[in-house]
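Thanks for coming, everyone. Let me put the structure up, and then we will walk through the strands.

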Amino acid sequence: PGNEIFKEGDDISEVNYTLQSDSTRTYVNIFDQSGNIVNTIELGAKMAGSYTFSRDGTDFNGNKVPDGKYMLHFGGEGQNGEPVLIDTEVSGKVVGISQQEDTIYLRLEDGREVPMDQVSEVSTSQDH
């Protein structure tokens, strides 16, 4: 599980998201490392199911944002305006392992660290 993406040049990691029920409006708010909102992207109506979100790395005005980590917060509304539960997952290429106190972390190629107890799959596949 996770909602962080990393931008380095034109390379931007993706987030997988799953809607638990149909949504008449789906959107994602993108925040920088300081917690400032840099963009909101409308994703439209979505049926319950899993999707992949990737972004172009721009702010509200279409300007490229600096390299670094960004947090994504997805929102959805049902037919009567009720909130729709949206789960998010991230993936990435593992380049290292570390231990901090009693927790083992996988270090990803883009600098993110994921606690091992939150990892749902490790694969030798080149797709991530």
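**Strand 3 and its partners**

Strand 3 joins strand 8 (residues 86–90) through five bridges, and the two run antiparallel. Here strands (E, at least two residues) and helices (H or I, at least four) are DSSP runs, numbered from the N terminus. Two strands pair if DSSP finds at least two bridges between them.

A word on the model. It is predicted, so local features need pLDDT of at least 70 and side-chain atom pairs count only at pLDDT 80 or more, while totals for chains, interfaces and linings use all residues. Residues are numbered from 1 along each chain as its sequence is written, and side-chain values use heavy atoms, with hydrogens and water left out.

Back to strand 3. Asn16 stands opposite Glu89 in strand 8. Strand 6 (residues 49–53) also pairs with strand 3, antiparallel, over five bridges. There, Val15 has Phe53 as its bridge partner.

Which residues of strand 3 form the covered face? Val15, Tyr17 and Leu19 do. Asn16 and Thr18 make up the uncovered one.

Next, the core. A nonpolar core is a set of buried Ala, Val, Leu, Ile, Met, Phe, Trp, Tyr and Cys residues joined through side-chain atoms within 4.5 Å. Buried means under 20% relative accessible area, exposed over 50%, partly exposed in between (1.4 Å probe, protein chains only). The largest nonpolar core has 16 residues, and Tyr17, Phe53, Leu72 and Phe74 touch the most other members. Strand 3 (15–19), strand 4 (23–31), strand 5 (37–46) and strand 7 (68–77) each supply at least two residues of this core. In soluble globular proteins, nonpolar side chains tend to be buried together.

Contact means heavy atoms within 4.5 Å. Leaving out residues up to four places away in sequence, Tyr17 touches Leu43, Phe53, Phe74 and Ile86, among others.

Now Thr26, in strand 4. Buried or exposed? Thr26 counts as buried, because its relative accessibility is 0%. Its side chain makes a polar contact of 2.9 Å with that of Ser23. A polar contact is a pair of N or O atoms within 3.5 Å; within protein, one must be able to donate a hydrogen and the other to accept it, and residues adjacent in sequence count only if both atoms are side-chain atoms. Beyond four places in sequence, the contacts of Thr26 include Leu19, Ile41 and Gly75.
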